[in-house]
Amino acid sequence: MPLTSRSSQEPAPLAAVLYLLAAGFLFSCLDASAKYLVVSGIPTAFISWMRFIEHTLLVLIFFRPWSNPGIFKVRSIPLQFLRGLCLFGSTYFNFHALQTMQLGETITITFAAPMVIAALAGPLLGEWAGWRRWAAIIVAFIGVLIIARPGFGSFNPGLPYSIAAMLSYSFYVLLTRRMAATESPESLIFFSALAPAILTSPAIMQAVIPESPFQIALLLMLGFFGGLGHYLIILAYRRATTAALAPYPFLQIIWMLAFGYFIFDQFPDIYTLCGAAIVIGSGLYIVHRERQLRTHN
């Protein structure tokens, strides 16, 4: 898949923005569906397995490897499965967190991932962050602390799971950056689903098939929401640079807040909203700083 040759300073094409916004909507549908199912008593491991096995089947149907046997050829199977393990951790821990946390809270914790990625990109990828980006990282961490409020009030048991999900996602992105130059997009999207599907296969033993047709429909839609969302992201980044699209994923919080309010009758408190504003502001500053560095280079 050829990388876009656009300048990092050019605005993103409308099509790329729409693809990314649609992906955010689908990921919000995935989280809302998962929260509905885990609250209904369906085991998290089984929900995770359904999400990834459906994703794997959809990729096979869409790419038809039987007509092009080399489409999923890989350079490093261990790295492919390690990346898939990170995506599994992101999904599994997030689904666990959703049992007790609101959608708006978990997505805000997820928004701290760009700061973690910026911090770890130095030792892992040789992309060192300057003092301004480190300041933004520290400010974002303060925003997370405002949401968590450790030592104040009751501790939400889902918070450690949400942080673990964010860290898993950060390593997933770092591995994607490292492997993008040597692995095909088709193999990346396939093995990121296959590895978790294999890992969670024992969950079949604790399968709980809900009696409600609506819950069954949600189970069957998990892979569609996740798989199509990842595919739309690929389409978006084929048409625009990472820098041009970086601010738009933050808009996913609008869908998450809407679903949380209209489906679960939940709305974040003032601390969560303030923390979210700090985390998002820090992320947008890092985006702005990276654009400035590209301009000077």
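Is Ala276 buried or exposed, and what is its relative accessible area? In this predicted model, Ala276 has a relative accessible area of 6%. Ala276 counts as buried because this value is under 20%. The residue belongs to helix α12, which covers residues 270–296. Beyond its neighbours within four places in sequence, Ala276 is in contact with Thr108, Ile147 and Ile253. Between Ala276 and Ala140 there are 8.9 Å in space, C-alpha to C-alpha, although the two are 136 residues apart in sequence.

Setting aside neighbours within four places in sequence, its contacts are Leu30, Ser33, Ala34, Leu37, Ile47, Met50, Arg51 and Glu54.

Helix α1 also packs with helix α11, at an angle of about 35° and with the axes 9 Å apart. Their crossing is right-handed. The residues that meet include Phe25, Phe27 and Lys35 in α1, and Trp255, Met256 and Phe259 in α11. The table divides the residues of this contact by kind.

| Kind of residue in the contact of α1 with α11 | Number |
|---|---|
| nonpolar | 11 residues |
| polar | 3 residues |

Key. Residues are numbered from 1 along each chain as its sequence is written. This is a predicted model: local features need pLDDT of at least 70, side-chain atom pairs count only at pLDDT 80 or more; totals for chains, interfaces and linings use all residues. Side-chain values use heavy atoms; hydrogens and water are left out. Axes are lines fitted to C-alpha atoms, for helices over the stretch in contact, and angles run from 0 to 180 degrees between N-to-C directions. Helices (H or I, at least four residues) and strands (E, at least two) are DSSP runs, numbered from the N terminus. A crossing is left-handed if the near helix is turned anticlockwise from the far one by less than a right angle, and right-handed if clockwise. Contact means heavy atoms within 4.5 Å. Ala, Val, Leu, Ile, Met, Phe, Trp, Tyr, Cys and Pro count as nonpolar, Asp, Glu, Lys and Arg as charged, and the others, Gly among them, as polar. Buried means under 20% relative accessible area, exposed over 50%, partly exposed in between (1.4 Å probe, protein chains only).
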